[in-house]
Amino acid sequence: MSVNQQAHTGLPYGQPQPGYQGYQQSGYGGQQMPGVHHSQYGAYNGPLPGYQQPAPPQGTLRAPPTSGAPLPTSGAPVPAGQPVYSQFGQGDVQNGIATSAVQMQRPSASQPFIPGTAPTPVSQPATFQQYGPPPTSAQQLTNHMAGMQIGSSTSAPPPAGLGYGPPTSVPPASGSFTATGSGLYTSYSSSQGPPPVTMTHGLPPTSLSQGLSLAQPAFSGPPLSAQRLPQAPGFVPPPCSTGIGPSSYPPTTGAPRPSTMQGSQLPGQALTGLPTSQPNHVSSPPPHPSMSGPAMTGLQGPPPPTHPSQSGYQMQQNGSFGQVRGPQPNYGGAYPGTPNYGSQPAPPPPPKRLDPDSIPSPIQVIEDDRNNRGSEPFITGVRGQVPPLVTTNFLVKDQGNASPRYIRCTSYNIPCTSDMAKQSQVPLAAVIKPLATLPTDEAPPYLVDHGEPGPIRCNRCKAYMCPFMQFIEGGRRFQCCFCSCVTEVPPHYFQHLDHTGKRVDFYDRPELSLGSYEFLATVSYCKNNKFPNPPAFIFMIDVSYNAVKSGLVRLICEELKSLLDYLPREGNMEESAIRVGFVTYNKVLHFYNVKSSLAQPQMMVVSDVADMFVPLLDGFLVNVNESRTVIVSLLDQIPEMFADTRETETVFAPVIQAGMEALKAAECAGKLFIFHTSLPIAEAPGKLKNRDDRKLINTDKEKTLFQPQTSFYSNLAKDCVAQGCCVDLFLFPNQYLDVATLGVVPYQTGGTIYKYAYFQLETDQERFLNDLRKDVQKEVGFDAVMRVRTSTGIRATDFFGAFYMSNTTDVELAGLDCDKTITVEFRHDDKLSEDSGALLQCALLYTNCAGQRRLRIHNLSLNCCTQLADLYRNCETDTLINFLAKFAYRGVLNNPVKTVRDTLINQCAQILACYRKNCASPSSAGQLILPECMKLLPVYLNCVLKSDVLQPGAEVTTDDRAYIRQLVSSMDVAETNVFFYPRLLPLTKVDVDSDTLPAAIRNSEERLSKGDMYLLENGLNIFVWVGVNVQQGLIQNLFGVSSFNHISSTLSTLPVLENPFSKRVRSIIDMFQAQRSRYMKLIIVKQEDKLEMLFKHFLVEDKSMSGGASYVDFLCHMHKEIRQLLS
Ligand SMILES: [Zn+2]
């Protein structure tokens, strides 16, 4: 019985949970920002209470939270003596997915399930549950109908006499389901040429009241009748498979190491004796004291001379204990300087470098996983299975647990006790992407309709029916797998059990047999007990001088004319239900009436930006097809109307307010697409000043660069979330525009920021248009609330991502799109049992693009262990890094960056030291022993430490850092993986006759050959690096010029040339672009050109210009830290 589950008794959504109020977020104890109300930061980055914590004592910092949190001291008490998950008596039966305690190890040689078959019911008495006493009557009294009421503190009456009946085309309740037609997102790829100029001179006629603050017109009821569109639950494949390309990452092995470039001796790699080679070992100023020369001997211990043939750095493979294997082929290099191996004294060898080939290689790990796990489907029927890596191309078959495309965990086997978790320091977290796009060969979640009474839920904790619920008493009741409460099965849902205790309709019901599915929500899940209107999109275009002059305004208007035909549609609907509206602005706002009955659009100007209102309702939000002529006319006229503008100043907050007010007036949720160019300095609410100051870097005030300069936007964001108003922001800055502040509303509303610095039509148009097209078309849920429930013993305590939280359990998202993740950290509040394991259920309530209210449910079962070795065997380093990066990036809001970096290093050293102490077989202290599943932790961690947020180079602007900080907070595991450790491919190894990609190489300059070209991608940029000695023929084929010197480094695309090499390289780039949520900027880098500095920044195994350590050096440093912890 956990605290949170008791506290859930009332309203699952929207009610503060008393049990959490006392929870103190550890980590970077929030220091209140002077002059800013603390709630701003509480809301900005997670649960409020975490930032109410008083500042920690000077100079100390608590480690990042791991699963070792003390129990909350306040809140609902845990009832004493309540049996929790004890054994179920013999002869009773289990229903649902077998909670097999089988522990899968990675790599798993074989799968226990055959594709296409149901999960084998495992008869395991040990997994049977005993039912605790029934809950108290007070708990059972909870009205589940009221449970989902948003924004209401009173219980809603049952939805008798629905004003709006259930959709007629929805299949009958019992046992029927259809796939979620997640919208038909026709791919839109027509490349726009230069915009045809439609010369419509003059302003729109009639009601143009330029410069006047119009009186608010009398509103006569809702502007547009709510369009109830026929429901279309047909099985429609998901829009496009951006994640998986059939030819991506084919298994390849043994990348030959290119010849080492001359003159690229990496500093800092000498391991012995040369203090000068270690000056920047880890930290930028001040240099880490422990890393200076003499300290390095600690790594080897005196005397330094060693026998080079003795191998050191043995990596323990596969987490197998009790035997230390011989050096693996990839790690077999001798580690000069390991004292314990040199039994006979030898003369001091010359300084030797640690062979980079002898330390764990990301490329090798990725290749191995691909070879071992890419060939067979990942079947989710078994509890606690570690999925293949995100870099492996694999098929998922849902047999009772959510696909790793929806949820990935830092570990799939979690310690039974808080003490163990604390000891290991391994954070327990799940990275959840509730609306993830699936590849076309995987079925989207089925839609389940339980009819008017709504989804079946546990009476007490409100968990939704799922494969882990156990039916008892012949099927008349079920016991909750989360809180053990027993709930009556409603008559309409009753079904008999077969001789194994399984409901006979088990395979007909997604909610009994699958890990992920959707419920059709009833009216009680809707705001104000009313079914929502379809959402609206409002396009809000900056028409100040810079925007007009750069050609941006014309570009946007031209693009919208065609893009509006590709608004998201639900299922097989013929047209999108989404209505659109248009606003332009500089210092004042211009609203447009584009009602279909008008001959010409009408403009209404609001210059009183201090008190924003929407001057028109009827005709502002319209159906595209009905108003097409007027809209096209408007989009033709906008660039002309402002062609001669001299207005350079802009407002920003009033623009968001206007959009939000418009949605409010139309009683719908929606998204604002704001195209903005400058710091909003015009007199208006939310006006900002230029406070950029790079001198703050590496000072205690550096954190202020990440904080918004006013709390105004945080309050505005709160209002937006209440209205379901999601803000996507496209920025086109020519100078500092304070992303940290402007980004607050997009961030807290679940929106997205795109940034195009020094936007130029020729070079940036394609990227911007591709981003815009993807953004407009992508699947998005509106007015969403997400709750993660857990089984007894653990609970969700911390949340990371782009959202808002008004209490400590409900993640509120004005919008949530298919690319966004929410990261949840868990802590123990009780002991877990190996038999029962641990369960998560993520429930997302949202409005889809047709205005239908839905609940998407993802379930995941994890193993629990009493041996630390089992934890380390089942970790996922990519997810761990995703979590640690998000944790650190949030930490910089309130702490000196150096403190954040040191904390990260310390935590990882503790993780590895705990393994060494408790899991590894005894060996000499001179050996670095890493758990097999975490052998890349040092290299990846180093990449996080060297990233622009934590260790910026001189070229990284304050806005860049704020931008990246926000981006990473919503990234999924695949995105952080490639962002921190970019993918680097040698282009001369490209096989033009095959779909396979050349083997990737490690991100180090010494792996590059002057005679080769390379492709490097990190999710934001693609570089093509050209060596000075590349064959002329290749240059001709790729760039269409005769020599290296003729290659233009200002190209933003590769020329379209009709030869196999050009075609193949361009198709690889296209494939990479399709895999990423953003269109990557292509940058051509010629060796020894000045742009090369930018490229080298991404060679993350090397020492960085900003002082970041090389991989080799960092590994040595980690080793030293680990040894210190162990001694
Ligand atoms: Zn329950």
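Four elements, α17 (744–748), β18 (753–755), α23 (958–969) and α24 (973–980), each contribute at least two residues to the lining of the largest cavity in this predicted model. The volume of this cavity is about 310 Å³. Its lining comprises 24 residues, and those closest to the centre are Leu 967, Met 971, Glu 975, Ser 1077 and Arg 1078. Domain 2 (536–778) and domain 3 (982–1099) each provide at least three residues of this lining. Across the structure, 19 cavities of 30 Å³ or more are present.

Most residues other than glycine have a negative phi. Against that background, two residues deserve a look. Gln 425 is not a glycine, yet its phi is positive, at about 65°. This residue sits in the loop that runs between α9 (418–424) and β6 (429–432). Is Gln 425 buried or exposed? With a relative accessible area of 9%, Gln 425 is buried, because the cut-off for burial is under 20%.

The loop between β7 (446–448) and β8 (470–472) holds Lys 462. The relative accessibility of Lys 462 is 0%, so this lysine counts as buried.

The cysteines complete the picture. A disulfide is a covalent bond between the sulfur atoms of two cysteines. How many disulfides does a search of the whole structure find? The search returns 0 disulfides. Cys 919 illustrates this result: the nearest cysteine sulfur belongs to Cys 914 and lies 6.1 Å away. Since a disulfide requires a pair of cysteine sulfur atoms within 2.5 Å, Cys 919 is in no disulfide. Cys 919 is buried, its relative accessible area being 5%. Cys 557 is likewise buried, with a relative accessible area of 1%.

Methods:
Residues are numbered from 1 along each chain as its sequence is written. This is a predicted model: local features need pLDDT of at least 70, side-chain atom pairs count only at pLDDT 80 or more; totals for chains, interfaces and linings use all residues. Side-chain values use heavy atoms; hydrogens and water are left out. Buried means under 20% relative accessible area, exposed over 50%, partly exposed in between (1.4 Å probe, protein chains only). On a 1 Å grid over the protein atoms alone, a cavity is a set of points where a 1.4 Å probe fits but cannot get out, and a pocket is an open set with protein on both sides within 12 Å along at least five of seven lines; lining residues have an atom within 4 Å of a point. Grid points are joined across faces, edges and corners, and a volume is the space filled by probe spheres set on the points. Domain bounds come from an automatic or database domain assignment.
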